Amino acid sequence: MSAPPFAAERAIRMGREALAVEARALSELGPRLGEAFARAVEAMLGCRGRVAVMGMGKSGHVGRKIAATLASTGTPALFVHPAEAAHGDLGMVTPGDLVLALSNSGESDELNAILPVLKRLGIPVVAMTGRPESSLASHADVVLDSAVSEEACPLQLAPTASTTAQMALGDALAVALLDARGFKAEDFARSHPGGALGRKLLTHVRDLMRSGDALPRVAATTPFTEMMRTMSAKALGLAIVVDADDHVQGVFTDGDLRRLIEQGHDLRALTAAEVAHPKPRTVGAEALAVDAADLMEAARITVVLVVDEERRLLGAVSINDLMRAKVI
């Protein structure tokens, strides 16, 4: 059978109709959330072990995503393939776990084959199905209705709107659970240490700051020329003036140097104390690196000093340090 000639307008129309069908499916799903949804959230919240998500075919693909979303938002979860479960992988599910089973028809042979075993093990089952009268629903402790009035597929064959409904219902469970757990952005970051949010919420100034001999320290009485040699050697774009106990007295920057030259000062006659700004911007070592970035942006500076509660110098962090760490 040969394909008809491609028609761009028809393709666009079909795409729009598919989106409209799926949008209607989701709009119809919301009003059906009620007591069963609350019971499912409560059961998953009280689960002492993990939520084992199961599903065959397209429901299985959706189930993998739901398991990943649950795990990343504070609910320990894994995906267990029903067919593999019947051949040994059911050992992954142990007392204290809960099963979230997905099947639009509710008649998946592979899934239904292991439901009696789950019952004997005392494993609670939450079913997500489009047929509340199905075999799956009859074995479940809680039934979530994911039915759709039509598929986006014009042949009404390919799972489209039904899998979108399952995906959305899984997201709804995850959101309700994270709220019930008091899950915060910091908790999310701990599950995503390699992501941008993880870097922002887990990276502290102490992790990035330069310290020790890397710092361009000078005393208040240091001659100007010697201070410039220290600045050049440390390549941080400033000199940090400290007293004998390392308390910060001020800073002198490359920008300050340009202004002194423009004003015609006799630089050789000056000391560090005479040219330094007495109140430089500072942060604590335990501050988040992203907070240091915000301070730099607000003050229009490229380096911020790190001090303790008594303003003793601990280190310095530059905008380049933050960029290398991908905090900004």
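We're looking at a predicted model, where local features need pLDDT of at least 70, side-chain atom pairs count only at pLDDT 80 or more, and totals for chains, interfaces and linings use all residues. Residues are numbered from 1 along each chain as its sequence is written, and side-chain values use heavy atoms, with hydrogens and water left out. The chain has 15 helices and 11 strands (DSSP runs numbered from the N terminus: H or I over at least four residues for helices, E over at least two for strands). Its radius of gyration is 31 Å, well over the 20 Å that the globule rule gives for 328 residues, so the chain is more spread out than a compact globule (the radius is taken over C-alpha atoms, and the rule is 2.2 Å times the number of residues to the power 0.38).

**Overall build**
- The C-alpha trace spans about 90 × 55 × 35 Å along its principal axes.
- Of the 328 residues, 41% count as buried (under 20% relative accessible area, with exposed over 50% and partly exposed in between, using a 1.4 Å probe and protein chains only).
- Take the contacts between residues at least 6 apart in sequence: 63% of them join residues at least 24 apart (contact means heavy atoms within 4.5 Å).

**The open parallel sheet**
- Five strands line up as β2-β1-β3-β4-β5 in an open sheet with parallel pairing (strands pair if DSSP finds at least two bridges between them).
- β2 (77–79) and β5 (142–145) sit at the edges with a single partner strand each, so one side of each has no neighbour in the sheet.
- Neighbouring strands here are turned by 20 degrees against each other on average, direction ignored (axes are lines fitted to C-alpha atoms, for helices over the stretch in contact, and angles run from 0 to 180 degrees between N-to-C directions).
- β1 (residues 51–55) and β3 (residues 98–103) pair in parallel over 5 bridges, and alanine 52 has valine 99 in β3 as its bridge partner.

**Helices on that sheet**
- Helix α3 (residues 57–72) packs on the sheet, touching β1, β2, β3 and β4 (125–129), and its direction makes about 160 degrees with that of β2.
- Helix α5 (residues 109–120) lies across β1, β3 and β4, at about 160 degrees to β3.
- Buried in α5 are Leu111, Asn112, Ile114, Leu115 and Leu118; their cover includes β1, α4 (82–85), β3, β4 and α6 (135–139).
- After α5 comes glycine 122, with a positive phi near 75 degrees.

**Around β10**
- In strand β10 (residues 303–307), 5 of the 5 residues are buried, so the strand is largely enclosed by the rest of the structure.
- Side chains in a regular strand alternate between the two faces of the sheet.
- Both faces of β10 are covered, with Val303, Leu305 and Val307 buried on one side and Val304 and Val306 buried on the other.
- β9 (residues 282–283) pairs with β10 in the parallel sense over 2 bridges, with threonine 282 opposite leucine 305.
- β11 (residues 313–318) runs antiparallel to β10 and is joined to it by 5 bridges; alanine 316 in β11 is the bridge partner of leucine 305.
- The β10–β11 hairpin has 5 residues between its strands, and arginine 311 there takes a positive phi near 65 degrees.
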